[in-house]
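Hi,

Here is the structure I promised to pass on. Have a look at it first, and my notes follow below.

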Amino acid sequence: MTNSVFIATSLDGYIADRNNGIDWLHSYPNPDDCDGGFADFMERIDGLVMGRNTFELVKSFEGEWPYSKPVFVLSHSMTKIPDGYEGKVEFIKGELREIVQQLDQRGFKRLYIDGGVTIQNFLKEDLIDEMVITTVPIILGGGIPLFGALDTPRRFKHIQSQSIMGALVQSHYRRESLPD
Ligand SMILES: NC(=O)c1ccc[n+]([C@@H]2O[C@H](COP(=O)([O-])OP(=O)(O)OC[C@H]3O[C@@H](n4cnc5c(N)ncnc54)[C@H](OP(=O)(O)O)[C@@H]3O)[C@@H](O)[C@H]2O)c1
């Protein structure tokens, strides 16, 4: 089982600005339509677990539903699947270790974990195995943080970093206890 993060942050560690905006992510010239390895990453996961806030954001995007893999939305407040999203998302809630175990039993062994609070909650439970973090050279000064407080450090091993679009730095980390 592998739980992976694939996310972009500002230099000061925010994944959305104070208004929940992510326009700053797309404010760099991208003439070759580079996806920063997102399609390759999506190929190697079985399903997504995202927080309700991230789901709301993706739902607000114009265009087609961006995921070809099953999406599990964590929420206490939302129980009814919005019209048009039947068969695309499933709502889940509860203790993260149990959720991951249940998904594993259903054959979802490689999960993409998305959303700030959600990633922080997975890290609290020491359930993140891999992180691909793209750093955008902007200091937002506030917003939704990628990381939060932890009782003890979580150690990761740096696998590689690359410059993308001549502007962003993408770094790949794996938890230290995992073999290469
Ligand atoms: N920069 C990027 O690449 C990137 C990627 C993804 C998202 N984002 C941004 O991040 C923001 C969303 O992140 P966020 O930190 O606000 O929230 P989030 O993690 O997307 O969602 C948090 C919500 O998930 C639900 N939740 C979390 N753990 C749960 C559990 N164990 N059981 C049941 N429900 C659980 C709760 O929903 P309820 O309140 O319904 O209970 C909670 O309020 C958006 O602004 C989005 O734009 C940025």
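Strand 7 (residues 130-136) and strand 10 (residues 168-175) run antiparallel and are joined by 6 bridges. Strands here are DSSP E runs of at least two residues, helices are H or I runs of at least four, and both are numbered from the N terminus; two strands pair if DSSP finds at least two bridges between them. Opposite valine 132 you'll find histidine 172 in strand 10. Strand 7 also pairs with strand 1, this time parallel, over 7 bridges, and there serine 4 has glutamate 130 as its bridge partner.

Before going on: this is a predicted model, so local features need pLDDT of at least 70 and side-chain atom pairs count only at pLDDT 80 or more, while totals for chains, interfaces and linings use all residues. Residues are numbered from 1 along each chain as its sequence is written.

Now the ligand. There are 28 residues around it, and Gly51, Thr54, His76, Gly115 and Gly116 come nearest (a residue is near if its C-beta atom, placed from the backbone, lies within 6 Å). Elements giving at least two residues each to this shell include strand 1 (2-10), strand 3 (47-51) and helix 4 (116-124).

Last, aspartate 104, which sits in helix 3 (residues 96-105). Leaving out residues up to four places away in sequence, aspartate 104 touches Met1 and Lys109 (contact means C-beta atoms, placed from the backbone, within 7 Å). The C-alpha atoms of aspartate 104 and threonine 2 are 9.8 Å apart, although 102 residues separate them along the chain.

Cheers

Note on methods: Contact = placed C-beta atoms within 7 Å.
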